[in-house]
Amino acid sequence: MSVTGNAVTGKVGAASAPVPLIGRKLKINIGRLVLLAAFLGIWEFASGRLVAEFFVSKPSKIFAVLNEWLWSGTLAFHASITATEALTGFILGGFIGMIMGTILGRSQGLAELLEPFIMAFYSLPKVALAPLFVMWLGIGISMKITLTAAIVFFLVFLNTYTGVRSVSKELVTIMHLMGAKERHILLKVVIPSALSWVFAGLKVSVPYALIGAIVGELIASNRGLGYLLSSSAGQFDTAGVFAALAAVIALAALLNLFVKLLEVKMAPWKTVETQQEFTI
Amino acid sequence: MKHSNAISKPPEVAERQELIRFSDVSKQFGAFTAVTDVNLQVARGEIITLVGPSGCGKSTLLNMTAGLFAPSMGDVTYAGKPVEGVNVRTGYMTQSDHLLPWRSVADNIAIPLEIAGHGRKKIRERVEGLMELVGLSNFASAYPSRLSGGMRKRTALARLLAYDPETLLLDEPFAALDAQMRLNMQYELLQISRKLGKTVLFVTHDLDEAVSLGDRIAVFSKSPGTIIRLVTSPLGADRNLLRIRHDPAYASLCAELWDLIVPSNKQEAMA
């Protein structure tokens with residue numbers, strides 16, 4: 001058998017026509033910018049002419065508010081609080097979710113025992129727990145972290161559980177024949193193979209983590225982007241509301257990036273798979 | 001690795017040590033009888049192919065040898081003792097190769113060595129030797145998703161050999177490969193098994209494969225499966241799989257076993 005490194009790269013190379021990859025990407029990005037500019041332009045034009053400025057404000061005013069917040073440190077202060085709540089809750093809820101998902105995924109009996117309770121708790125809108133957390137923890141940062149963690153927990157837990165469950169039984173048997181103990185199976189098979197499910201759960205959780213933090217702030221707070229949002233609205237400062245929303249979107253994008261980088265680092269084989277030419 | 005100097009071994013079974021024995025083995029899954037009244041002795045170092053229509057319980061025998069479940073009736077003994085619980089002296093390979101997609105070729109082969117708790121250096125040396133044995137040295141760091149079907153099979157074979165089980169339980173391992181790749185793998189399997197003195201139970205529904213690989217060929221009836229014919233191969237232990245098609249003994253044995261299998265197919269068609 002004489003197989004060389006060329007066999008693999010050759011196959012990939014032959015399959016890919018000379019597509020100007022960078023040119024295509026650039027085109028798409030330019031298209032997106034044009035779309036965004038058009039949207040903002042129409043908004044700017046329509047405001048005060050077609051729709052009352054009071055309701056929709058204007059991009060130029062929103063940028064002015066953002067700019068002012070940026071330089072006065074308001075934005076950094078409130079955004080860092082919301083980010084801390086969202087990230088801490090995300091990590092806490094995600095971590096507990098992964099551990100519980102793995103334990104219940106590996107022990108059928110326990111999973112069966114707890115199933116109705118978990119489903120009952122799952123079907124409860126977690127935001128409805130906020131008043132309870134206020135009673136227990138007050139209106140400080142820990143209440144928002146707990147709310148976020150409660151929301152993230154279920155998403156990550158259910159994904160991890162499904163991932164652990166879907167590990168091929170045949171594969172586990174083959175490992176047993178290699179002399180593997182439960183510890184080996186967990187570390188070498190179950191956790192790595194559940195990882196893509198876990199990441200799917202984490203990715204879905206990002207916006208929900210922000211929901212937890214911001215709803216917490218809307219309910220009771222004097223800081224954070226949620227507070228900025230509600231206090232701007234309270235003062236009928238439409239530009240402030242939109243500026244706060246823009247800041248939330250930016251924060252969500254940052255959190256998404258964080259999870260994506262984490263995935264690339266933790267699951268390098270995934271990157272190889274996505275870079276590969278698609279074949280059937 | 002227990003290297004044996006003898007490349008080929010005589011196929012005479014009588015004077016060789018018995019390793020696996022099925023005595024009056026039957027297995028029911030609920031109301032379904034998978035196998036019934038199977039009697040078979042397998043000698044150490046012997047390659048036995050089990051051939052028959054699909055669903056005739058060939059895989060059930062492998063599962064019982066591996067200790068995944070016990071027979072409903074009769075006994076399966078391994079090295080003189082009844083098989084109880086997972087039999088770690090056997091290694092399993094199925095049609096699907098079960099490589100771990102998050103591990104490179106070298107790391108996949110290393111799994112059983114890691115489980116056995118060997119040191120890093122020893123694992124690396126061993127893995128390098130195995131990759132050379134199966135011709136994958138150039139692909140050490142490739143992920144399975146980048147490999148062809150044949151290369152994946154060779155990786156799985158190397159992983160199987162890494163923990164050096166004395167018996168290889170192979171359940172249609174090459175079924176998904178194209179004819180040329182399959183011949184290639186059969187050739188390598190035969191060479192390697194002889195070299196390392198492995199005992200092999202090889203399940204297939206491909207008659208040609210059964211005849212070319214087996215020292216003895218067990219032909220199964222359709223469900224509920226039982227051995228209707230046990231043939232000792234006339235081809236010799238050092239048969240060359242690449243030349244085997246020119247051997248009249250091969251052709252006549254294939255034809256003979258073909259006639260055994262076809263009537264049962266016909267009955268099925270008429271029923």
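I began with the area that chain A and chain B bury between them, which comes to about 2700 Å², 70% of it on carbon and sulfur atoms; buried area here is the accessible area (1.4 Å probe) that two parts lose on being put together, summed over both. I note that this is a predicted model, in which local features need pLDDT of at least 70 and side-chain atom pairs count only at pLDDT 80 or more, while totals for chains, interfaces and linings use all residues. Residues are numbered from 1 along each chain as its sequence is written, chains are lettered from A in the order in which they are written, and side-chain values use heavy atoms, with hydrogens and water left out.

Next I looked up who takes part: 26 residues from chain A and 29 residues from chain B are in contact, that is, they have heavy atoms within 4.5 Å.

I then searched the interface for salt bridges (a side-chain nitrogen of Lys or Arg within 4 Å of a carboxyl oxygen of Asp or Glu), and the rule finds 1. It joins the side chains of K188(A) and E114(B), at 2.9 Å from N to O.

On the side of chain A that touches chain B, α9(A) gives the most, with 7 residues; helices are DSSP runs of H or I, at least four residues, numbered from the N terminus.

Last, I looked at L61(B), and leaving aside its neighbours within four places in sequence, I found that L61(B) is in contact with F22(B), V25(B), V35(B), V38(B), L50(B) and F220(B).

Conventions: Helices (H or I, at least four residues) and strands (E, at least two) are DSSP runs, numbered from the N terminus.
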